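I opened my notebook to write down what I looked up in this structure, entry by entry. Each term gets its cut-offs where I use it.

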Amino acid sequence: MKHRRLAPALASLLILTACAPAEQPADQPAAEMAADETMVGQVYPNQPATAVFENDRVVVQRLAMEVGAWVGEHSHAGNQLVVAITGGTTTYREAGEETSVTRAPGEVFWVDAVAAHDHAVQDDVIAILVTLADAPAGMAGAQAYPNVTPDVAFDNDRLVAQRLSIEPGSWAGEHSHAGNQLVVVLKGGTMVYREGGEDTEVTYADGEVFWIDAVEAHDHTAKDAPVDAVLITLK
């Protein structure tokens with residue numbers, strides 16, 4: 001029981017971990033609270049983002065934007081990764097000028113510190129916002145699997161984000177995780193995990209978000225249909 005699982009939060013991405021999710025007591029909140037209570041996520045005046053996970057390294061929020069609804073003038077402090085779950089076109093307004101940017105479903109991008117601005121969408125857009133704690137860069141690298149090679153979607157001195165699709169019956173190959181990893185599920189489904197000679201099935205919903213602790217060597221595959229995900233490894 002090595003990763004911390006949360007309720008579904010958006011449409012899907014996932015890089016497959018290797019253990020069944022830990023059962024939580026009924027009185028335990030779904031999202032883990034950070035040890036540093038001063039850490040906050042992104043704030044929008046008109047449309048609050050929903051917190052889906054928090055620890056001492058990240059605050060993760062889900063933002064569902066409706067067509068034509070402006071989120072309100074705001075700024076970003078930087079150190080924020082965004083995963084576009086559904087994709088679509090966003091119009092940005094800054095200093096009286098408007099520009100439009102179209103994101104593909106599953107696109108991953110970094111937000112630097114920016115001046116106060118506003119934005120609205122031309123399509124219904126769902127995004128996951130990952131705000132990072134102010135911590136020094138580490139030495140962790142991308143996740144490796146013997147039989148499959150995830151695509152690197154984004155890489156800087158703070159994190160590396162990879163996209164992976166696991167096909168039914170295609171085993172990733174025995175591997176381990178170093179910890180400090182956040183998974184966002186793009187396309188859910190049932191995974192089969194193999195560890196210590198035993199197989200365990202875990203079903204993920206589209207949009208689940210969870211944290212991976214360090215785990216022992218294991219393997220996994222999709223059961224009935226491909227499972228797609230993004231694995232964010234914090235450095």
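The entries below go from the whole chain to single residues.

**Ground rules.** I am reading a predicted model, in which local features need pLDDT of at least 70, side-chain atom pairs count only at pLDDT 80 or more, and totals for chains, interfaces and linings use all residues. Residues are numbered from 1 along each chain as its sequence is written, and side-chain values use heavy atoms, with hydrogens and water left out.

**Whole chain.** I looked up the secondary structure and noted zero helices and 19 strands; helices (H or I, at least four residues) and strands (E, at least two) are DSSP runs, numbered from the N terminus. Of the 235 residues, 50% are buried, where buried means under 20% relative accessible area, exposed over 50% and partly exposed in between, with a 1.4 Å probe and protein chains only. I also noted that, among contacts (heavy atoms within 4.5 Å) between residues at least 6 apart in sequence, 75% join residues at least 24 apart.

**Strand pairs.** I found β2 (residues 50-54) and β3 (residues 58-65) paired in the antiparallel sense over four bridges, pairing being counted if DSSP finds at least two bridges between two strands. A hairpin of three residues joins β2 to β3, and Glu54 has Val59 of β3 as its bridge partner. I then turned to β5 and β8, which run antiparallel and are joined by four bridges, with Val83 bridged to Val108 in β8.

**Cores.** Which residues touch the most other members of the largest nonpolar core? I noted Val60, Leu81, Val130 and Ile232, out of 24 residues; such a core is a set of buried Ala, Val, Leu, Ile, Met, Phe, Trp, Tyr and Cys residues joined through side-chain atoms within 4.5 Å. Strand β10 (residues 125-132) gives the most to this core, with four residues. Leaving aside neighbours within four places in sequence, Leu81 is in contact with residues including Val108, Trp110, Val130 and Ile232. A second, separate core of 17 residues includes Tyr145, Ile166, Ile212 and Val227.

I looked up the largest pocket and wrote down a volume of about 380 Å³. Of its 24 lining residues, the closest to the centre are Val82, Tyr92, Phe109, Val111 and His119. A pocket is an open set of points on a 1 Å grid over the protein atoms alone, where a 1.4 Å probe fits, with protein on both sides within 12 Å along at least five of seven lines, and lining residues have an atom within 4 Å of a point. The volume is the space filled by probe spheres set on the points, which are joined across faces, edges and corners. Strand β6 gives the most to this lining, with four residues.

Is Thr91 buried or exposed? I placed Thr91 in β6 (residues 88-94) and noted that Thr91 is buried, with a relative accessible area of 11%. Its side chain makes polar contacts (N or O pairs within 3.5 Å; within protein, one atom must be able to donate a hydrogen and the other to accept it, and residues adjacent in sequence count only if both atoms are side-chain atoms) with the side chain of Ser100 at 3.3 Å and that of Gln122 at 3.0 Å. Pro146, in the loop between β10 and β11 (151-155), is exposed, with a relative accessible area of 56%.
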